[in-house]
Amino acid sequence: MNGWTGKALRINLSTGEVTHEEIDHDILKAFLGGRGLGAYFIHCEVPPTIDPLGQENLLAFCTGPLTGTTVPTGGRSSLSTLSPLTHTIFDSNSGAAFGSRLKWAGYDALLIHGRSDKPVWLEVNGDGASLHPANGLWGKNIPETVEHLAAKDSAVVCIGPAGENQVLLAAIMDEKGHAYGRGGVGAVMGSKNLKAILAFGKERPVAADPTKLEFVEYEARKWISASPRTSQGLPEFGTSVLVNIMNNYGVLPTRNFQDGAFEQAEEISGERLREHYLIKRSACLSCPIGCRRLTKTDNEKGDGPEYETIYALGSNLGISDFEALIEANYLCNRLGLDTISVGATLSCAMELAERNLLETNLRFGETTHIKEAITDMAYRRGVGDWLSEGSRRLAERCGAPETAMQVKGLEFPGYDPRGMQGQGLLYATSNRGACHLRGNMLGPELLGVPKMLNRHATSGKAGVLIVMQHTSTVIDSIGLCKFAGFAIGDEFFARLLSAVTGEHYEVQDMLTAGERIWNLERIYNLKAGFTSADDTLPKRFLETPHTKGASQGKVVQLAPMLKEYYRFRGWDAYGVPTPQKLKALGLVDIAQEATNA
């Protein structure tokens, strides 16, 4: 097959058994690959009521049909599992080399279940896989592990001490600075005693229609070169260009979302990063945009920070010391921690300390104890053990759940929804919890992509968001980067997909696949016990307006948008997909166990 290989490699860590499996072509066509294929495997194989850190859970690394091709930004892949942080179905996305090497080894999916008695690392190539003792690697940080295993033409993903200690904020690092992040996926890998995976492969996918693909790629690259966002903004400043923009709109989270504007935002801006700390920019595999940053301080050098990290470890902690922020980011990368959830949990702890509800030396605006706290989280030492469970569990333990800025257990990214009504609806309805990568309304509400909407309006936002959620799901599933969407749209995605796979996809066919995947994820969460009551936001966003900044006086008017959202989706008033909707999407058999809340 073109685009897809039709093969999965399954590893049982409990027995050491390695098996090759065929993936039905109809499944690949219906769920595309990547996130969609991962959702299918999780739904079929992982009961939603199990312990996510038990051996029954599955790590499903899935490539898309465009992963590892020459398509611009076509280097991304997904990891799906049951999250120990949120207990939702979960997927993470990375743009480093691992996904492409897995595809070049001949696999659409790498499925890992069970638990090894002793620490191991896994080697994957075109002939299959083999397990090796990892006693000498266990305890090493991310750079040490990667450098020990790295070989020519291979790629490594691994966990650091945070994953080994099953910290619920642990990431799986893809090389040294990329990550399958969020949701505690690194804790799942640690619970399996799996330290690292090395993938090797050289057989690049062959397009079904190379001539057509060459032409569509040429057009796509022209549009990417013509867009000021993908040819100037992101290459020049990376995602950190958003700091001043978000601050000006009054949506830059500050001091645990108690404010929406940071008085010292300029000190941690993308412009300042470029002027004082940038060594050079870099790019993910097959990416012509190059938004990543290689930076240095007086003491260290490394990857990042991205905008989300700058918000989480900067403005939301009241910190303007850029050097301290950057080095805290490096530390998270070394230990294998998700910077968004780490920063959001630290800010929760600071507010709890401010209220005398938590005994800690963490304070807004102070950097003295930040590195120590991050290290304590990774090793579950002292109060770091409490913080290692995430903000929701921390706040509940301290008797103040309202201080945790989370949805379904997942900490917020860097956009205060009081100044972006559609973003608030996105956070409330995202299947993996508060997430900006599930149909980000940043484009239409603040940047004018594909068109500018009134950011404070509520009417019609549900319809726009649903389309963006479907497009986002498609991008995650076929193996592209969402930043490509700033320059090219659904028509290009459909043409690229058709040229590579040989299957004819109209735009609507592709978006229907995105809708099918979204509904499958929703069904899984319903079976896990989530209800419409979980489609909400912290009270702070619904009841407490900002007192200053460009979003002063605003709260999220969620109720009318949510009602419209359910109706537009073809769900009932309880947020459950109707029989008619499931039939239209071919999900009737899969959804039989879903019931009203």
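In which helix does Glu351 lie?

Reply: Glu351 lies in helix 13, which spans residues 339–354; helices (H or I, at least four residues) and strands (E, at least two) are DSSP runs, numbered from the N terminus. The model is a predicted one, in which local features need pLDDT of at least 70 and side-chain atom pairs count only at pLDDT 80 or more, while totals for chains, interfaces and linings use all residues. Residues are numbered from 1 along each chain as its sequence is written, and side-chain values use heavy atoms, with hydrogens and water left out.

The mean pLDDT (the predictor's confidence in each residue, from 0 to 100) is 96 for the protein, and 99% of its residues reach 70 or more. Over residues 593–597, however, the pLDDT is below 50, and this stretch has eleven contacts in the model beyond near neighbours in sequence.

Glu351 counts as buried because its relative accessibility is 1%; buried means under 20% relative accessible area, exposed over 50%, and partly exposed in between (1.4 Å probe, protein chains only). Leaving aside residues up to four places away in sequence, Glu351 touches Asn256, Gln258, Phe364, Thr403 and Arg540, where contact means heavy atoms within 4.5 Å.

Turning to the aromatic residues, rings of Phe, Tyr and Trp (its six-membered ring) pair if their centres lie within 6.5 Å; planes under 30 degrees apart count as stacked, over 60 as edge-to-face and the rest as tilted. By this rule there are 15 aromatic pairs. The rings of Tyr307 and Tyr415 have centres 5.5 Å apart and planes at 40°, so they form a tilted pair. This pair links distant parts of the chain, 108 residues apart: Tyr307 is in helix 11 (residues 307–313), and Tyr415 is in the loop between strand 17 (410–411) and helix 17 (421–429). Tyr307 is buried at 1% relative accessibility, and Tyr415 is buried with a relative accessible area of 3%. One aromatic cluster is formed by Phe257, Tyr311, Phe412, Tyr427 and Phe541.

As for the sheet, six strands form an open sheet in the order 8-7-12-9-10-11, with mixed pairing; two strands pair if DSSP finds at least two bridges between them. Strand 8 (128–133) and strand 11 (178–180) are the edge strands, each pairing on one side only. Strand 10 (residues 172–174) pairs with strand 11 in the antiparallel sense over three bridges, and Asp174 stands opposite His178 in strand 11.
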